[in-house]
Amino acid sequence: MKKNKPFARKRFGQNFLICDYVIDEILHAAHLKPADHIIEIGPGRGALTQAILKSDISLTAIEIDRDLTSDLKIRFLGLVHFNLVEGDILKMDWSEIMEVHRSYKLIANLPYNISTPLFFKIISSRQQFSSITIMVQKEVAIRLMHNGSGKNLKNYGILSVIADTLFEINLICDVPATCFNPAPKVASAVIQLIPKKITIPEETAFFTLVKKMFNHRRKLLLSSLRKNQPEILKKLSLSTMKKLENIRPENLSPTDLLEIHLESLNIQS
Ligand code: SAM
């Protein structure tokens, strides 16, 4: 008896890509070359996987859903340049998937329900990726691409600051819900992130600082620091404190926030 195609599992954020032009846009943006090594998170039914493998490029795919991996094994496992890892990307260490000194391109139609923790996981190993081309909810794309200037500050937050500090980001294309099966309730977008060659001292402390500040984004920064991060306030010079008078976290650019972090570490920017 013919096995039915596995149905879409909501809990794994399964919305399968069905528009060929979007696959073309993603592959074109990634500038695939024969020597590339691709990491694909969530190959699903293999729409992107198949297109990448057609060009004989090495691909490691990580998929959580065993029903889907059994199908993918049957379809692609004869190919020597295809490696399928079964499991939850959030519980894996990158060293289980990638070789230390090799550079990779990450391509994925990300499961939307885990896009934020996945973003933080990706940034922990960002220098190993020469490019990161991902499909995310349009709303997340807008937040990731907001650099703090202009309008709609409600979209400017922790993700924006961290993304702007660490990556060059470009919008590749908008993707309507009709390009997926099942169609999600929201629109999507493909964006590309290229890691900047930047090292942030005490990077985790910078993320914490930004997170704590944006937890009180509408409060005046100095009074919020006084209450929530007095240890930072103590390290700031009088001239910086003067500049921050009557300022709210959402009025600071990513560069301003990084400067505050560096000053709190006694480092001149
Ligand atoms: N790449 C396929 C496509 O474009 O049609 C599927 C994309 S679908 C939005 C997300 C895929 O990620 C699904 O196949 C889902 O099972 C898989 N997935 C969800 N959570 C995952 C996780 N934690 N680790 C690995 N794969 C995951």
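I'll start with strand 2, residues 37-41: five of its five residues are buried, so the strand is largely enclosed by the rest of the structure. Buried here means under 20% relative accessible area, with a 1.4 Å probe and protein chains only. Strands are DSSP runs of E, at least two residues, and helices are runs of H or I, at least four, numbered from the N terminus.

This is a predicted model, in which local features need pLDDT of at least 70 and side-chain atom pairs count only at pLDDT 80 or more, while totals for chains, interfaces and linings use all residues. Residues are numbered from 1 along each chain as its sequence is written, and side-chain values use heavy atoms, with hydrogens and water left out.

Back to strand 2. In a regular strand the side chains alternate between the two faces of the sheet. Here both faces are covered, with H37, I39 and I41 buried on one side and I38 and E40 buried on the other.

Which strands pair with strand 2? Strand 3, residues 58-63, is parallel to it over five bridges, and H37 stands opposite S58. Strand 5, residues 104-109, also runs parallel, joined by three bridges, with I39 opposite L106. Pairing requires at least two DSSP bridges between the strands.

Strand 2 leads through helix 2, residues 47-54, in a right-handed β-α-β unit with strand 3. Right-handed means that, with the strands pointing away from the viewer, the path from the first strand over the helix to the second runs clockwise.

Overall, the protein has 11 helices and nine strands, and 49% of its 269 residues count as buried.

Definitions and conventions: Buried < 20%, exposed > 50% of the residue type's maximum accessible area, 1.4 Å probe, protein only.
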